[in-house]
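Here is a short note for a colleague opening this structure for the first time. Please read the points with the model in view.

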Amino acid sequence: MSGEFIRMESITKEFGSLKANDRIDLSVREGEVHAVLGENGAGKSTLMNILTGIYAPDSGSIHLRGKEQRFRSPQDSIAAGIGMIYQHFKLIDALSSWENICAGTKGSLFLKPRAIKERIQSLSDDTGLCVDLDRKIRDMGVGEKQTVEILKVLYRGADILILDEPTTVLTPQETEVLFCIIRKMKMQGKTTIIITHKLNEVMEISDRVSVLRKGRLVKTVNTSEVSQKLLAELMVGKSMNMEYPRVETAPGRVVLEVENLSIEDKEASRELKNISFTLHGSEILGVAGVSGSGQKQLCHALLGLQKIQAGRISVCGTDISSKSTRQILTDPEISMAYIPEDRTGMGLATGMDLVDNIMLRQYRSRKGMLFDRAFGKKKSEELTDSLSIMHPGINRPIRVLSGGNMQKVLLGREIDTRPDVLIAAYPVRGLDLGVTHTVIDMLNEQKAAGAGVLLVAEDLDLLLEVCDRIMVLYCGEVSGILSAAETGKEELGLLMSQLGEYKSCSD
């Protein structure tokens with residue numbers, strides 16, 4: 001590796017009373033893979049947004065190759081050779097890959113397709129980034145779209161690539177391909193900065209790691225000289241247990257049975273085709289699959305949020321196939337709770353206070369026109385105490401809470417209904433290590449109490465550690481149901497891309 005390439009000195013950025021970055025000094029060497037770690041809200045994204053010209057720092061300076069830079073816009077950082085690949089891709093579905101790659105560049109209004117394709121192909125040959133140049137984005141898988149994004153920033157002359165949570169939606173096989181590409185670009189002198197929360201991937205791909213905590217840089221270390229455990233301790237400021245325990249229980253009765261479920265979601269261009277599975281009490285059944293494989297449609301169908309075209313759904317022997325969401329959540333014979341993927345859009349009313357949010361599940365079933373706020377206040381105080389929910393007051397709008405505390409409120413409210421079936425869609429997404437452990441402990445407690453938990457998640461390591469069985473979805477179909485104790489990430493990844501052989505574990 002060469003000498004210092006990027007130097008950010010005393011970077012400070014405030015948003016009102018929040019100091020997102022507090023005098024951060026970050027140094028990145030030319031040709032290295034540099035990981036930026038930190039809990040949710042540690043300041044990682046703000047720091048990278050300053051480096052890419054989205055934000056201007058309140059104080060501090062940025063130097064590239066020893067020369068001070070002032071980025072007034074993303075165009076300035078692109079011109080300086082910095083390109084960022086976001087977690088949510090910035091691509092136009094109706095255009096081909098080559099059209100997306102050159103869109104917005106100088107002279108793109110007067111396209112010369114042959115010359116542009118030749119230049120892209122040359123980049124592809126140099127880096128090993130293979131993509132069908134004429135294929136429409138809408139017809140591509142997630143890994144292909146990410147390849148297009150990387151080619152797009154390289155086409156614009158980037159020497160520094162910033163990848164924001166690059167493996168979140170990739171299969172293990174696609175992740176390995178991405179890492180091979182990063183290593184090849186490193187050999188060509190490219191500098192890569194990775195924002196991630198996956199410690200095992202940091203250990204595998206990075207040369208150095210900078211750890212942020214509460215807006216400050218804690219330490220920059222050589223990856224070869226640290227362990228995952230030490231990195232976790234630097235992130236949270238205390239010793240952390242890195243394992244998620246699987247609670248061993250005997251499977252109970254069938255609490256959820258789905259037979260040949262089919263739906264058509266024209267708006268999202270997604271279908272579910274002949275989905276069949278069972279969920280037992282005292283069991284956690286994981287749901288894996290690349291983004292957009294039908295996870296959202298499945299959850300919505302189970303809750304009556306989406307009409308089904310065919311099939312049958314029953315909870316503890318009660319057919320709910322034709323019931324509305326209100327009937328499912330209020331019928332005393334149907335004991336089901338739901339933790340939605342969008343906690344602030346579907347799960348909580350952020351403009352209402354904590355008491356009202358706690359009462360959302362009870363108000364339809366309580367008699368009379370007036371709400372019993374004394375009941376809601378008591379319940380809120382019990383939950384905040386038992387779950388260590390940090391809040392400025394139970395009568396303040398819930399939007400002032402952190403994401404982790406919001407998730408605790410949502411989980412606590414739903415679990416308080418003592419459900420037979422708990423559906424949890426991405427319940428730890430965006431949460432720091434400490435809150436993640438709390439959420440997993442809560443799910444395990446429900447399992448130990450006899451509930452069946454359907455856990456939808458993108459972290460395969462977490463699913464393998466916590467779940468009893470894992471159901472894999474691919475393009476709206478079940479490609480396999482496996483025992484978590486008898487499988488691994490590689491086999492799950494093959495089923496996620498439908499390269500593996502269908503397998504079913506029914507108990």
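The numbered points below go from the basis of the model to its sheets, helices and single residues.

1. Basis. This is a predicted model, in which local features need pLDDT of at least 70, side-chain atom pairs count only at pLDDT 80 or more, and totals for chains, interfaces and linings use all residues. Residues are numbered from 1 along each chain as its sequence is written, and side-chain values use heavy atoms, with hydrogens and water left out.

2. The open sheet. Start with a sheet of 6 strands, which is open and runs in the order β6-β7-β8-β3-β9-β10. Its pairing is mixed. Strands (E, at least two residues) and helices (H or I, at least four) are DSSP runs, numbered from the N terminus. Two strands pair if DSSP finds at least two bridges between them. The edges belong to β6 and β10 (216–222); each has a single partner strand, so one side of each lacks a neighbour in the sheet. On average, neighbouring strands here are turned by 20° against each other, direction ignored. Helix α8 (residues 228–236) packs on this sheet and touches β3, β9 (208–213) and β10. The direction of α8 makes about 30° with that of β9. For such angles, axes are lines fitted to C-alpha atoms, for helices over the stretch in contact, and the values run from 0 to 180 degrees between N-to-C directions.

3. Strand β3 (residues 33–38) pairs with strand β8 (residues 191–195) in the parallel sense, over 4 bridges. Ala35 faces Ile194 of β8 there. β6 also has a parallel partner, strand β7 (residues 160–164), again with 4 bridges. In that pairing Met84 stands opposite Ile162 of β7.

4. Are the two faces of β6 (residues 82–85) covered or open? Both are covered. Ile82 and Met84 are buried on one side, Gly83 and Ile85 on the other. Buried means under 20% relative accessible area, exposed over 50%, and partly exposed in between (1.4 Å probe, protein chains only).

5. Helix α5. This helix (residues 142–155) has 14 residues, and its end C-alpha atoms are 20 Å apart, which agrees with the 20 Å that 1.5 Å a residue should give. The expected span is 1.5 Å times one less than the number of residues. The buried ones include Val142, Gln146, Ile150 and Leu154. Their cover includes β6, β7, α3 (97–102), α4 (113–127) and α6 (172–187). Just after α5, Gly157 takes a positive phi of about 90°.

6. Strand β17. All 5 of the 5 residues of β17 (residues 421–425) are buried, so this strand too is largely enclosed by the rest of the structure. Val421, Ile423 and Ala425 lie on one side, Leu422 and Ala424 on the other. Ala337 stands opposite Leu422. Gly452 in β18 is the bridge partner of Val421.

7. Asn444. Look for Asn444 in helix α15 (residues 433–448). At 4% relative accessibility, Asn444 counts as buried. Beyond its neighbours within four places in sequence, Asn444 is in contact (heavy atoms within 4.5 Å) with Pro245, Val247, Ile284 and Val466.

8. Rings. Rings of Phe, Tyr and Trp (its six-membered ring) pair if their centres lie within 6.5 Å; planes under 30 degrees apart count as stacked, over 60 as edge-to-face, the rest as tilted. By this rule there is 1 aromatic pair. The rings of Phe15 and Tyr55 have centres 5.3 Å apart and planes at 65°, so the pair is edge-to-face. The two residues are 40 apart in the chain: Phe15 is in strand β1 (residues 4–15), Tyr55 in the loop between α1 (44–51) and β4 (59–64). Phe15 is partly exposed at 36%, and Tyr55 is partly exposed at 29%.

9. Ser282 has a positive phi near 60° and lies in the loop between β12 (270–280) and β13 (283–288). At 14% relative accessibility, Ser282 is buried. Cys316 has a positive phi of about 50°, in the loop between β14 (310–315) and β15 (318–319). Cys316 is partly exposed, at 23%.
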